[in-house]
Amino acid sequence: MNLCYLAFKNMVSKPLNLLLSLLLLSLSVFLATFVLQLSQQFGGQLSKNIAPFDMVVGAKGSPLQLVLSSVLHVDVPTGNIKLKDVSMLQKHPFVETAIPVSYGDNHKGFRILGTETSYLDHYKAKLSEGRRYENPFEVVAGSNVAQQLALKLGDRFTSSHGLAVGAVDEHDEHFFIVKGILEPTGMVVDQLLLTNLESIWKIHDHEENYHEEVETQKETEEEKEITSLLVKFKSPMGMVQLPRFINQNTSMQAALPGFEVQRLMSLLGSGVKTVNGIALAILLVSGLSIFISLLKTIRERRRELALLRTYGFRTEQLFGLALLEGLLLALIGFVLGWFLGRLGIWGASQYMQTLYGYNLQIKGLEQLELFLLGLILIFTTIAALFASRSIFKLNVAKTLSDV
């Protein structure tokens, strides 16, 4: 007689016990695998997007906000700074490149970023069609923007003031024209509409002069403002000396993206540990549920077990039957929880793709997940061993004689 078949029949004969045990086990596996994948891939995406730049210089405020807004483009800026105030950084011997960026407008929720074309080189962004922007109000669209808004070469659009979706204050006096569309990079540029700095300055010059009803004058280089400056160091000494100098001796602030993202991940890490703790607690409850289910099954089937002994089954085989039932339950619960975890990653990926243009990968079974499976199987084996102690004390004659 096939032990696996018997174990399966025993397991499904109590559907409510089966459902409870599977629910607890799959929930713990879902939480553990989902949080593990999300934290790993989210951290990887952040690290990949901040890698092109070593320092951000902007207005005083929260350094984390400065990094999130100027590098990752998921927050509002801390303010503007004078272009003349960062000119010395652009020529500093410790600095390899210093790229000014300016933003504050959007088109249907996608940010319009004014910057130099070298910004694209830092993200290794290539054109799928068209060319880079050269003149004011020429735009290169990130791949996700072009896809979401169905933009094509030659399309014209206006910008809205602010970074929020649905802004009503439109700059309808200037039209942007799409000159190029980028290939997908899996990085932040996929979510941006990129143009030159002059485009941003001209839009806001017109707005200011229109509302104040004063005579327009050409703004000098010293009066121009940018949102921030993205810096790549030539020498490690730059990272040691320049941020401290800027923070202590200027009206601006310098933030290190690597440090700020590491600090952010450490804050998120506390939440990850909490969720993993909850998952472990549910796993322990799941192990207890399997133990109670097996114990109840063995007690209710003492007569059947005694009959199996008379058919030639050894005590070790009866223990193996109980163990197989527990292991089969554990494997089904793990597979179901793992599948739900990957389904959760897919849902999170769709959400992040829509908002930030970041994709999460659906990966196969990983080492830590195999460790979790091993831990579950150990728990199940221990639960089966304790639940099956009465099998080793089974008195066949007495059990069969009892009515």
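Ser102 is buried, at a relative accessible area of 6% (buried, under 20%; exposed, over 50%; partly exposed, in between; 1.4 Å probe, protein chains only). The model is predicted, so local features need pLDDT of at least 70 and side-chain atom pairs count only at pLDDT 80 or more, while totals for chains, interfaces and linings use all residues. Residues are numbered from 1 along each chain as its sequence is written, and side-chain values use heavy atoms, with hydrogens and water left out.

Ser102 belongs to strand E3, residues 95–107 (helices, H or I of at least four residues, and strands, E of at least two, are DSSP runs numbered from the N terminus). With neighbours within four places in sequence set aside, the contacts of Ser102 are Ile112, Leu113, Gly114, Leu197, Ile200, Glu225, Ile226 and Thr227 (contact, heavy atoms within 4.5 Å).

The structure contains 8 salt bridges (a side-chain nitrogen of Lys or Arg within 4 Å of a carboxyl oxygen of Asp or Glu). One of them joins Arg132 to Asp121, with 2.6 Å between the closest N and O atoms. This pair links distant parts of the chain, 11 residues apart: Arg132 is in the loop between strand E5 (127–130) and strand E6 (138–141), and Asp121 is in helix H5 (residues 118–122). Arg132 is partly exposed at 26% relative accessibility, and Asp121 is partly exposed at 45%.

Arg131, Glu134 and Glu138 form a network of salt bridges. The closest N and O atoms are 3.8 Å apart for Glu134 and Arg131, and 3.0 Å apart for Glu138 and Arg131. Glu134 is exposed, at 57% relative accessibility, whereas Glu138 is buried, with a relative accessible area of 7%. Arg131 is partly exposed at 29%.

There are 2 cavities of 30 Å³ or more. A cavity is a set of points, on a 1 Å grid over the protein atoms alone, where a 1.4 Å probe fits but cannot get out; lining residues have an atom within 4 Å of a point. Points are joined across faces, edges and corners, and the volume is the space filled by probe spheres set on them. The second largest cavity has a volume of about 30 Å³. Its lining consists of Leu25, Leu283, Ser286, Gly287, Ile290, Ile376, Phe379 and Thr380. Helix H9 (257–300) and helix H12 (367–387) are the elements that give two or more residues to this lining, and H9 gives the most, with 4 residues. By class, the lining has 5 nonpolar, 3 polar and no charged residues (nonpolar: Ala, Val, Leu, Ile, Met, Phe, Trp, Tyr, Cys and Pro; charged: Asp, Glu, Lys and Arg; polar: the others, Gly among them).

Notes:
1 Å grid on protein atoms, 1.4 Å probe; cavity = no way out; pocket = protein on both sides within 12 Å on 5 of 7 lines; lining within 4 Å.
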